[in-house]
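Visitor: Please take one part of this structure and go through its surroundings closely. After that, set it in its wider context.

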Amino acid sequence: MREINAADITAAVSRLCIEANCHLPSDVKNCLKQGRADETWETACDVLDKIIQNYEIADKNDAPICQDTGVACVFLEIGQDVHINGDLTEAVNEGVRRGYTDGYLRKSVVKDPIDRVNTGDNTPAMLYCDIVKGDKLTITVAPKGFGSENMSRIAMLKPSDGIEGVKRFIINAVEEAGPNPCPPIVVGVGIGGTFDKAALMAKKALLRPLGEHSEKPYYAELEKELLNSINALGIGPQGFGGRTTALAVNVETMPTHIAGLPCAVNINCHVARHKTEVL
Amino acid sequence: MAVYINTPFTTADAENIKAGDTVYISGTIYTARDAAHKRLCELVSQGKELPFDVKDAIIYYVGPTPPKPGMAIGSAGPTTSYRMDAYAPTLMDMGLRGMIGKGKRNEEVISSIKKNKAVYFAAIGGAGALLSSCIKTAEVIAYEDLGAEAIRKLTVENLPVVAVIDTMGTNLYEVGRKAYLESQK
């Protein structure tokens, strides 16, 4: 049994909150540059130039790419041969607290959804834990902005809706969102499972590197087809018109019930932030 | 077309702007988002004075990150505007001339924009680091308890925005998309 100290988890989460918020992953940068190269509409080119300039400024100044530094979604893959010394949940929350305070990040969490008083330190994290094989602890922090989160959708489709129903639902979600989630967007899709599992798959789909397709050939093709359909909608960067509405569509699937076809769409803006560390 | 304006933002300035124009704003603007709008409209319904004069003013829907030492403000891009739709017509009826945000507005807001000769601008969502460089000073003038959501008085220089809904009600989100799709036929 390998021992990992809670203090090391706190330090890692704190670092990851700051790094993820100030430095965009290279796959997202590459997609934005490719989108700019493929774009022909003048207004859209101008917007993409400014988006690229923005992440360059953020890199140079260690500044938050976007002022909505999000709710801290923290994904833990805990090796079954690991023992944590200390309180795991509190270790993660302390990491978020330090990262958001020391990193001059915005505190965007309210304690109660109706009362709406800010917690003042961006805690609690949205914590997702998976038990996996091995003796490592993998921590991913994905700060999630709510402009795009608010445009996410879930549907309990009927088996008879089939693949056409799934495509229609996903494309409609993007079209209805229009300019609101700060296109160009990344579209995370979860199909199958239960109501909650579909939503979780859609969220985890956003962590997959852009340009890397599903291992299942059928769904890899679906991802490509959906991306083409979405980029034919004409919404464009920021919704001002143009080709580049989405950078990628990532689809995750799992088995489901004979009576169901759950389908969830979790949208991310072009600031598709996440960073991982392995302890 | 590129248009340069200085605040106060008058009716004449507003009428000169067409949907799709890139507009560079200089002068004083005010920040307010969800919680501040709720409080402003409560003051209006009680007949009380607002913390700043909304006549010919521009409100920027933004909740910035905290400034690092030596900086006026942290990252400061726009938040999604539809959450302010319930409040915007009340403020436009009192003379508010410009709003900066991002994303769609509802029919009531568009009608009020036309009636009051106001303009709805969009700044680039997710470009908070870039937009922050145009903000020279920032001072909290109300609701400090709201943190990022407090009302700030900003001095801006050539803040780049795009006119989305003009005084005639023309909406770039509709005409821009349509023009692009027609160009692809």
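Guide: Outside the four places on either side of it in sequence, A:Val189 is in contact with A:Ile170, A:Ala202, A:Ala205, A:Val249, A:Asn250, A:Val251, A:Glu252, A:Ala264 and A:Val265, contact being C-beta atoms, placed from the backbone, within 7 Å. The model is predicted: local features need pLDDT of at least 70, side-chain atom pairs count only at pLDDT 80 or more, and totals for chains, interfaces and linings use all residues. Residues are numbered from 1 along each chain as its sequence is written, while chains are lettered from A and ligands numbered from 1 in the order in which they are written.

A:Val189 also belongs to the largest nonpolar core, which has 134 residues; with A:Val13, A:Cys17, A:Val74, A:Val187, B:Phe121 and B:Val164 it touches the most other members. Such a core is a set of buried Ala, Val, Leu, Ile, Met, Phe, Trp, Tyr and Cys residues joined through C-beta atoms within 7 Å; buried means 20 or more other C-beta atoms within 10 Å, exposed 12 or fewer, partly exposed in between. Strand E7 (residues 151–165) of chain B gives the most to this core, 9 residues; strands are DSSP runs of E, at least two residues, and helices runs of H or I, at least four, numbered from the N terminus. Domain 1 (2–20 + 65–144) and domain 2 (147–272) of chain A each supply at least three residues to this core, the bounds coming from an automatic or database domain assignment.

As for the two chains, 34 residues of chain B are in contact with 39 residues of chain A. H6(B) provides the largest share of the chain B side, 7 residues.
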